[in-house]
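Start with the strands, then turn to the side chain.

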Amino acid sequence: QVQLVESGGGLVQTGGSLRLSCAASGRTFSSYAMGWFRQAPGKQRELVATITSGSSTNYADSVKGRFTISRDNAKNTVYLQMNSLKPEDTAVYYCDAEVRLGVVFADYWGQGTQVTVSS
């Protein structure tokens, strides 16, 4: 069982920045693929960014050039640096860990952190 705890959300003005953190339990964090997703009211959850165990990254087109995902394996933590925020970035942001369990993979989710960007 992997537990994820997000932090760093809040209210920010358009053009501002926030950094989200996600602290994970487990002794093999460095092997997890990690991701950030978001869900706005009335919309489906969508991928924001992912980072592999080898630190390869992938971003949604809507956040490329503005958001940066990174990880610190020594702290069992993944970050999402969000710059040049827009009102359309308003959502609950969720951290996801993809963990290999033998021959299968399991996904674990955090409880989410609210990000609100005012215009």
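## Strand pairing and a buried arginine

Strand 4 (residues 33-39) and strand 9 (residues 91-101) run antiparallel, joined by seven bridges. The model is predicted. Strand 9 also pairs with strand 11 and with strand 10.

**Strand 9 and its partners**

- Strand 11 (residues 113-118) runs antiparallel to strand 9, with three bridges between them.
- Val-92 has Gln-114 of strand 11 as its bridge partner.
- Strand 10 (residues 104-109) is also antiparallel to strand 9, and six bridges join the two.
- Ala-97 is bridged to Tyr-108 in strand 10.
- Strands 9 and 10 form a hairpin with two residues between the strands.
- Gly-102 in this hairpin has a positive phi near 70 degrees.

**Arg-71: setting**

- Arg-71 belongs to strand 7 (residues 67-72).
- Arg-71 is buried but makes no salt bridge.
- Asp-72 carries the nearest side chain of opposite charge, 8.4 Å away. A salt bridge needs the two groups within 4 Å.

**Arg-71: what its side chain meets**

- Which backbone oxygen lies 2.8 Å from a polar atom of the Arg-71 side chain? That of Phe-29 does.
- The backbone oxygen of Tyr-32 is also reached by the Arg-71 side chain, at 2.8 Å.
- Beyond its neighbours within four places in sequence, Arg-71 contacts residues including Ser-30, Ala-33, Met-34 and Ile-51.
- Thr-52, Ser-53, Ser-55, Thr-77 and Val-78 are also among the contacts of Arg-71.

Notes: Residues are numbered from 1 along each chain as its sequence is written. This is a predicted model: local features need pLDDT of at least 70, side-chain atom pairs count only at pLDDT 80 or more; totals for chains, interfaces and linings use all residues. Side-chain values use heavy atoms; hydrogens and water are left out. Helices (H or I, at least four residues) and strands (E, at least two) are DSSP runs, numbered from the N terminus. Buried means under 20% relative accessible area, exposed over 50%, partly exposed in between (1.4 Å probe, protein chains only). Lys and Arg count as positive and Asp and Glu as negative; His and the chain ends are not counted. A polar contact is a pair of N or O atoms within 3.5 Å; within protein, one must be able to donate a hydrogen and the other to accept it, and residues adjacent in sequence count only if both atoms are side-chain atoms. Contact means heavy atoms within 4.5 Å. Two strands pair if DSSP finds at least two bridges between them.
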